[in-house]
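Here is a short briefing for a first look. Keep the sequence and the 3D view open while you read.

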Amino acid sequence: MAVALAAPAHAWGPLGHRIVAESAALLVQDDLPETWGPLLARHRFALGIYAFVPDSRFRHTDGRGGKLEGPTHYVNLDAPHCAPRGSVDRRVAQFAARAGADLHPVTKPVGGYVAGATADGDVRRIYLGLLDLGLMAHYSGDASMPYHAAADSNGFAAGEGGIHYYFENDCVDAFEPGLAEEVLAVAREKRSAWTAAWSAAGTTPEALVGAVLKDSLAAVAKVSEIDKRDAVITPSRPGGKTPAVRKPPVEGCRSLRPIVVERLAKGAVLTAIIWESVLPRTGVDFKGASSLLFSDLVSDPAYVPPDY
């Protein structure tokens, strides 16, 4: 039997965020096979690394002990209007705009295996644009995690203390290898229907994220039902700080797999839609960049505070 440790609610762990970003890159390759698609697909590892930076770095470097960065990862839709609710929708829009500004001037990138840190011109713009796309993917991925839309973000009010970490991290780790392939397959199968449903509320990044957050909140009840039935051994005490005692993830998460897959797939589809909305679709000659591949990462990205 495993006890879920109390921890700050971060959304998907490193593996979940990697799956969201890498799957999104492959979805863009499906849509834009002659332009940006292959470039993003070649850099999906880097995008996956950048997608975890807001948790691994920004929460520790915002200058306020995480209090500035923390609210940018969620919107608690069911919180009273007088209570803090979060701003993940605006955070996604912020990084989408940054990526668009990076990439809009690109016209004719040329290069092979190069170091982005010393590159210039269009190659440098792409190097920085990939960073902002990857950072954006963190927050769009957050929107697809059910407990990032709920005020009871870690289940203590429902006797399920620790469900956030168990669902986002323990279950994801238990399902891989094999999870990433399943997520991509579901994303490819469902993307048209999901895109149409989300776009009914608007096609701006904020509107799309808002639609996914509503969908995430609706998923909380199902996750809770399965968790209580198949995973929880000893409930947590309402109002307490000690997590519920749960079965080991390989057993307790089994019934949650379809929901984990769907939520990650929705994060990937949402990310791909917003990425494609800021990628220049005309006026870029990729003939000289068919083998462009960066040999390095932006190793220590500076904190980007909210601009809203």
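## Briefing

Glutamate 262 counts as partly exposed, because its relative accessibility is 32%. (Buried means under 20% relative accessible area, exposed over 50%, and partly exposed in between, with a 1.4 Å probe and protein chains only.) This is a predicted model: local features need pLDDT of at least 70, side-chain atom pairs count only at pLDDT 80 or more, and totals for chains, interfaces and linings use all residues. Residues are numbered from 1 along each chain as its sequence is written, and side-chain values use heavy atoms, with hydrogens and water left out.

**Glutamate 262**

- Glutamate 262 has its place in helix α11. (Helices, H or I with at least four residues, and strands, E with at least two, are DSSP runs numbered from the N terminus.)
- Methionine 145 is 117 residues from glutamate 262 along the chain, yet their C-alpha atoms are separated by 10 Å.

- Helix α7 spans residues 163-175. Its buried residues are Ile163, His164, Tyr166, Phe167, Glu168, Asn169, Cys171, Val172 and Phe175.
- The cover over these buried residues includes α1 (14-31), α8 (179-199), α9 (205-230), β4 (245-246), α10 (249-252) and α11 (257-278).
- Arginine 246 places its charged end over the ring of tyrosine 166, 5.2 Å from the ring centre. (A charge sits over a ring if NZ of Lys or CZ of Arg is within 6 Å of the ring centre and within 35 degrees of the ring normal.)
- Proline 249 is in helix α10. Proline 249 counts as partly exposed because its relative accessibility is 21%.
- Proline 249 is in contact with Tyr166, Asp170, Ala174 and Arg254, leaving aside neighbours within four places in sequence. (Contact means heavy atoms within 4.5 Å.)
- Asparagine 169 and proline 249 are 80 residues apart along the chain, and their C-alpha atoms are separated by 9.6 Å.
- A cis peptide bond joins glutamate 176 and proline 177, with omega about 10°. Most peptide bonds are trans.
- Proline 177 is found in the loop between α7 and α8.

**Aromatic pairs**

- The whole structure holds 6 aromatic pairs. (Rings of Phe, Tyr and Trp, the last by its six-membered ring, pair if their centres lie within 6.5 Å; planes under 30 degrees apart count as stacked, over 60 as edge-to-face and the rest as tilted.)
- One of them joins tryptophan 12 and phenylalanine 167; this pair is tilted, at 5.8 Å centre to centre and 35° between the planes.
- Tryptophan 12 lies in the loop between β1 (2-3) and α1, and phenylalanine 167 lies in helix α7, so this pair ties together parts that are 155 residues apart in sequence.
- Tryptophan 12 and phenylalanine 167 are both buried.
- Tryptophan 36 and phenylalanine 286 form an edge-to-face pair, 4.9 Å centre to centre with 80° between the planes.
- Tryptophan 36 lies in helix α2 (residues 36-42) and phenylalanine 286 in the loop between α11 and β5 (293-294), so the pair ties together parts that are 250 residues apart in sequence.
- Tryptophan 36 counts as buried at 1% relative accessibility. Phenylalanine 286 counts as buried at 13%.

**The second largest pocket**

- About 150 Å³ of space lies in the second largest pocket. (On a 1 Å grid over the protein atoms alone, a pocket is an open set of points where a 1.4 Å probe fits, with protein on both sides within 12 Å along at least five of seven lines; lining residues have an atom within 4 Å of a point. Grid points are joined across faces, edges and corners, and a volume is the space filled by probe spheres set on the points.)
- Its lining includes Arg42, His43, Tyr127, Leu130 and Asp296.
- The elements that give two or more residues to this lining are α3 (44-50), α6 (121-143) and β5. The largest share, 3 residues, comes from α3.

**Two loop residues**

- Serine 87 lies in the loop between α4 (53-61) and α5 (88-103). Serine 87 is buried, with a relative accessible area of 5%.
- Serine 87 touches Pro71, Thr72, Tyr74, Val75 and Tyr308, not counting residues up to four places away in sequence.
- Glycine 239 lies in the loop between β3 (232-234) and β4. Glycine 239 is exposed, with a relative accessible area of 73%.
- Glycine 239 and glycine 159 are 80 residues apart in sequence and 8.7 Å apart in space, C-alpha to C-alpha.
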